[in-house]
Amino acid sequence: MVDPTYKNELQAQFSGAWLLLDSTDVPRPHGLLSENMEFIPGAAHTRLGFSEAVDTNEAITSMFNWISSLGNLLVYYRSSDNAVRLVDIEAVTPTASTVIPGNLIGYAASYADAGARLYLAFFNVNALGASAARVISFQSGGFVSDPCFQPPIVYSPGPPSEPTTGTITQGLHYLGYRIEYRSGFLTRPSPDSGIGIPSVSTFLPEPFTATGGANAAWTLNTTWPDGAVAVHVIMTPVANQADWRFVPGAFAPVVGGTLMSVTITFDISDDLLFANGTDASPSLFFLTNTVSNAPQILPSIVCTHGDRMCYVTVVSDNVGNNSGAVYISNKNAYQEISADQSIVQLPGLRNITTCISLDAVLYIFGPQWTYRTTDNGSDPVTWAAPQLVDGRRGTLAPRGACVSPSGTYGWVASQDGLYYFPGVYQDLPISYYQQPDWDRINWNAEEAVDIKDNPTVKKVYVIACLDGAESPSHLLTWDYTNGYGSNQVQYSLDSLQSYELGCMEVVKNGLQNMPVGVPQKRELWLAPANESAILRNNSNEDTDPYVDHGFPIFANYETGLFPREGSRGEVYQHHGADYRVKGDGTLRIIAYSLDHAQNYECAIVTLSLQPGLIPHRSFDLISEGVSHLFTQGENILPDGGFETP
Amino acid sequence: MANGWLRARAITVDHTKVAADLTNYAVLVNGTYSYLKTVANGGHVRNTDGFDIIFTDSYNSSAKLDWEIENYNPVTGNIQAWVRLPAVSSSVDTIFFMFYDNVSISTFQGDVPGTWNSSFKGVYHLSGDQLGTGYANTTDSTVNDNDGTPSGLLNEVSVVGIVDGGCLYSGAGDGIQVAASASLRIQDFSMSLWAIPQSIGGFGFGLPLAAESANAGITSGWNLSVSGADNKIKFRYFDGSAQLFSSTITLTNGVTYFLTLTWNQTAGELKIYNNNALIDTVTTGTTPITYSSDDFYIGGPLEGGIGIGGYGGIMDEFRFFSGVQALGWITTEYNNEFSPSTFYSVSDEIVPFQADCGNPPDGTQGVFYTHTFPTPTGGGVPPFFFALLTRDDTSYVPEDVINNITLNGITGVWSGYPAAPGTYLFVLDVFDALSVESKVDCEITIGGSIDPPNPPTPGGGGGGTGPGGGTWIIPNGGWSITEACARQGHFGLQHTADGSDAIANNKISSNNGLTVVAGWTLYTYLFIKGSGGADGTVGIGFQFYDVNNIFLSESYIFSSGSPTTWTQFTGNITVPAGAVTAYPIVQVIEHRTGTWCIDDVYSVRSGGQFLISSIKHYFDDYTSYR
């Protein structure tokens, strides 16, 4: 029986921790600590756990849910050997297969969905491009990958014959051919000298003096490069040897990697060539790999911007100074870029870490700055110079900016906080009241920082290395159900016991045998940094939802101080509390005096799911205020390895 | 830099020596440069004819200029080359580049006719032994191909102060005869020559320096001569009647003259220059010269033997030019040819870059290998691009991967896990931003397979790091910590059966005592897998001690079955009354065959979940006397 003369104060709403403020200033229902917690109106509870989605048993540093006509796929970067692998989520038994063999360089991949093709770039621990960009596509019953910007070849076929009568204009023409790759790239013209970087001067066109009154048959007999699917003939008219045109209908399928002879017969006058032949001259300026497929740019990030593809990279001037650059492709031709016409750089040639496309505006981020630019429909070099959005905020992380699935706003992990970003920065980051936790992020491991937004549960997640960790250690979670303001979001610092975080992705759950209500739901999936399984965020419908891959969830919640803020300055004697709690397992409750100067460990509460309990726990503390810490699943043996001394 | 050439120098034309802005001017590069000796003679030129000496108007361009090499000496590095510059400025210095040292060049890279602009109708260097005849070279360098035929005692001589050698005329009628050519029968024209008279004087007739005329009597065409009577220059032409004009300059034996005559038929004006000065301006008629199809002569003899002899002395660089040359051009030519060393300057050698292996360290099979190829030495224009070639230098290495080690072409970082031991030879191929290429032979040696680290010695307190940072106490009896038993990380715990039912010392414990509270539920777990028919069970548990460090009890949970792949098993252990310290223990029982691997031992407080929906906090005002 509680002494009826005691004062009491009831708290029936619970909210996330505000770590920034002195504990005496934290207004309840905000708390002083929230780890592995979730919030609903009227309650705080243990967050839902994670259970095995796919047992890949691989270390993974990035993954992407690729949903297209090819299915619901999970593509990921295996860090142990730098390979890219793929899982069909909806297969009866999801099994990973390697799409890009482990000869890549880099910490992780970034992805850009282009329908039935997936573009990948790779960044290293310095957030710089590391390997050539790749394209994954589905060909002949299997997934394949190809380098972006595949090159011309050196094969010189000699002049064509003139087998029959025709209409090719008499005089000197020049011929070339362009190889179409299965990646969708119609590369620059061949033959190429093969010396150095393919350029206008390395293109060695075939002179062809037409006798007039004849057609032409051009035989090309070579081992076609891997991934080649067709060859197209281009030709100049007699009157202008710089005017390259596709010869309409003059193409033939080829088989990449195979010695194959094709004879392409064509018959066209210069007048018709000019009238009907698509202009091929711009292709002379395409930036491609060398003939040996050595890349000329190493993008760190790829992203689509309208009907173009953006490649974030670094370029060097003639004395070796680097500057950030975004190469932006031609419209609907994601690999058609040229060195001088496709480039966008920031004023002052400032560094660029990433970019996002939001409401038809391309936002370009550097470590401490953000710019915007828009497509004027012409070559990117002609676009208006990027305008400064903010000169203080940007991101150090290649994955430090993301677009919400709605496409109407984004998130930016700036060094000073996590910002809701509808195209401008809010005055305060949503992480404002969690600044102490945000400041724990090890920005020397910026490559690990990632943001994901799951509108289904109205949460935004940041994965990061905290407290000097060099691989991801925590998941910082904000629930924006009540709005995007820093005083509206609910925060929890989450982690998993015995599971090393690698990366995360919001995935449409197409797994078989899921509980009712779960199939096709968008969920946060986690991938490991070591050889373990990919996990999915449980739903309430799961059988045992409050377990992390078989391990307890270490949940902590500490309330604000009792009595309420308006009573500060007084010293009180605190006698105990009635707790309305339910659940399972045992609950540890500790009452802390102001600043944890004293504590009182209450008797352990054995929980009950139904009915809930209102146990009373007595304590005796003399202080201006007392907070209540609830904890469960505490890890008391944090490391169980057997390493050499 | 031009592709394949390894060395270059900038040549700077001093604009103060250029008297007017000129186009398509053939500048003379004339000097002895030690670096232009062939390699065999201590220089850097590869071809004995100097064919790998080339000229461009830009260091960054591989587009060549047009040039003619009049003479090249591979032993001394002496060269006389004429290089057509598209433009030469009188207000700013004009710079062009000379490249050399290219072993792959064996043919002439310039363009002799292209060196001389279309106004030149005949250019005769009058030097060099023509086809071993002993006569000086009388070939016309222009596109008109007005080659001459030497006759008489005409010989080449070395001429100081004039370009390379010149022709020595005996004065006895020897000279050069050029077959009749329409290109030489023009009205407005200029001609120039270097002359050092040796035997003029004493003759009544003029000693022809040049002529387009059948004879000295001038019934058609023209001739230019030195009068034997007064040693003055005479110009005669026939426009229906014979015309004669005399200069005011008197030639003297042994003196060097650079003589230029221009005749402007339209204006009716004749000018004679010596060196870089206008000597005479003479008004002539405007009637065109009457030409017949006569041959053209340089220095004589005239057709039919009339004229007794010819010019006696040295002549060099005779040129016949369509149009009237201006003083600016004439002065510039004089400055250039009279004193090449002051007309232009040659820079220090621009050494191109050289690929550098950077001593790649030896590697070990399966052990991550990385090596950064250094920035090429000696220059080049960044950024550099790195690629690998096979050692025979015939083909690029696909994907730049050698023995599973991949080269990043942009960064020059070569890294990966070597797949097999051996010595690997390859060529590092580096391009600079201008596509200039440099190669170097490299090799690495990959050693044998990985040597696993020695595991800690079992027994008596050895062992690895235990949970919570303690140390596992490992007794003798089949326990070890091995890499082979690692589930993740580096090492795991291994227990090998000794073949008996009762295994002595079958448990290990951590010396890391955990502070616990009676009533706690400890959720504990580990991973196991067996091999070789491993049987028995594995247990995880705690030994509990009281506040006086007196042993109270121990509790375990045990696995069931013998999984061959990593399998987790878990269980709850309740802390007994009185216990304040717990020591984790792992043990294997009834283990008769095979090997157990054990890793990742954890314990946490009991799990579950909770929901807090309200707190009613009781408190009271505090007074110190209460």
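**Entry 1**

Buried means under 20% relative accessible area, exposed over 50%, and partly exposed in between (1.4 Å probe, protein chains only). The model is predicted: local features need pLDDT of at least 70, side-chain atom pairs count only at pLDDT 80 or more, and totals for chains, interfaces and linings use all residues. Residues are numbered from 1 along each chain as its sequence is written, chains are lettered from A and ligands numbered from 1 in the order in which they are written, and side-chain values use heavy atoms, with hydrogens and water left out.

Which side chain does B:Arg84 meet in a salt bridge? I traced the partner to B:Asp66, at 2.7 Å from N to O. A salt bridge is a side-chain nitrogen of Lys or Arg within 4 Å of a carboxyl oxygen of Asp or Glu. B:Asp66 sits in strand β4 (residues 66–73) and B:Arg84 in strand β5 (residues 78–88) of chain B, so their pairing ties together parts 18 residues apart in sequence. Strands (E, at least two residues) and helices (H or I, at least four) are DSSP runs numbered from the N terminus. B:Asp66 is buried as well, with 17% relative accessibility.

I checked the total next. Over all chains, the structure holds 35 salt bridges. One of them joins A:Asp467 to A:Arg440, with 2.5 Å between the closest N and O atoms. This pair links distant parts of chain A, 27 residues apart. A:Asp467 is in the loop between β32 (459–464) and β33 (474–479), and A:Arg440 is in the loop between α2 (435–438) and β31 (450–454). I put A:Arg440 down as partly exposed, because its relative accessible area is 25%.

**Entry 1: A:Arg536**

I moved to A:Arg536, in strand β37 (residues 532–537) of chain A. This arginine counts as buried, at 1% relative accessibility. What does its side chain touch? I noted a polar contact of 3.0 Å with the side chain of A:Glu523. (A polar contact is a pair of N or O atoms within 3.5 Å; within protein, one must be able to donate a hydrogen and the other to accept it, and residues adjacent in sequence count only if both atoms are side-chain atoms.) I then checked A:Val54, which is 482 residues from A:Arg536 along the chain. Their C-alpha atoms are separated by 8.7 Å.

**Entry 2: helix α2 of chain B**

I looked up helix α2 of chain B, which has twelve residues, 327–338. From first C-alpha to last, this helix reaches 16 Å, close to the 16 Å expected at 1.5 Å a residue. The expected span is 1.5 Å times one less than the number of residues. How many of its twelve residues are buried? Ten are, so the helix is largely enclosed by the rest of the structure. Among them I listed B:Trp329, B:Ile330, B:Tyr334 and B:Glu337.

**Entry 3: backbone exceptions**

Most residues other than glycine have a negative phi, and most peptide bonds are trans. I looked for exceptions.

- A:Ser190 and A:Pro191 are joined by a cis peptide bond, with omega about 0°. A:Pro191 is in the loop between β14 (171–181) and β15 (206–210) of chain A.
- The bond from A:Phe562 to A:Pro563 is also cis, with omega near -10°. A:Pro563 belongs to the loop between β38 (555–558) and β39 (572–593) of chain A.
- A:Asp359 has a positive phi, near 50°. I placed A:Asp359 in the loop between β24 (354–358) and β25 (361–366) of chain A, and it counts as exposed at 55% relative accessibility.
- A:Asp595 has a positive phi too, near 60°. I placed A:Asp595 in the loop between β39 and β40 (599–601) of chain A, and it counts as exposed at 57%.

**Entry 4: a surface patch**

Last, I looked up B:Tyr622, in the segment after β42 (608–621) of chain B. B:Tyr622 is partly exposed, with a relative accessible area of 31%. Together with A:Val571 and A:Ile622, B:Tyr622 forms a nonpolar patch on the surface.

Notes: Patches are made of residues with over 30% relative accessible area and no salt bridge: like charges are joined within 9 Å, nonpolar side chains (Val, Leu, Ile, Met, Phe, Trp, Tyr) within 5 Å. Accessible areas come from the Shrake-Rupley method with a 1.4 Å probe; for residues, only the protein chains shown count as cover.
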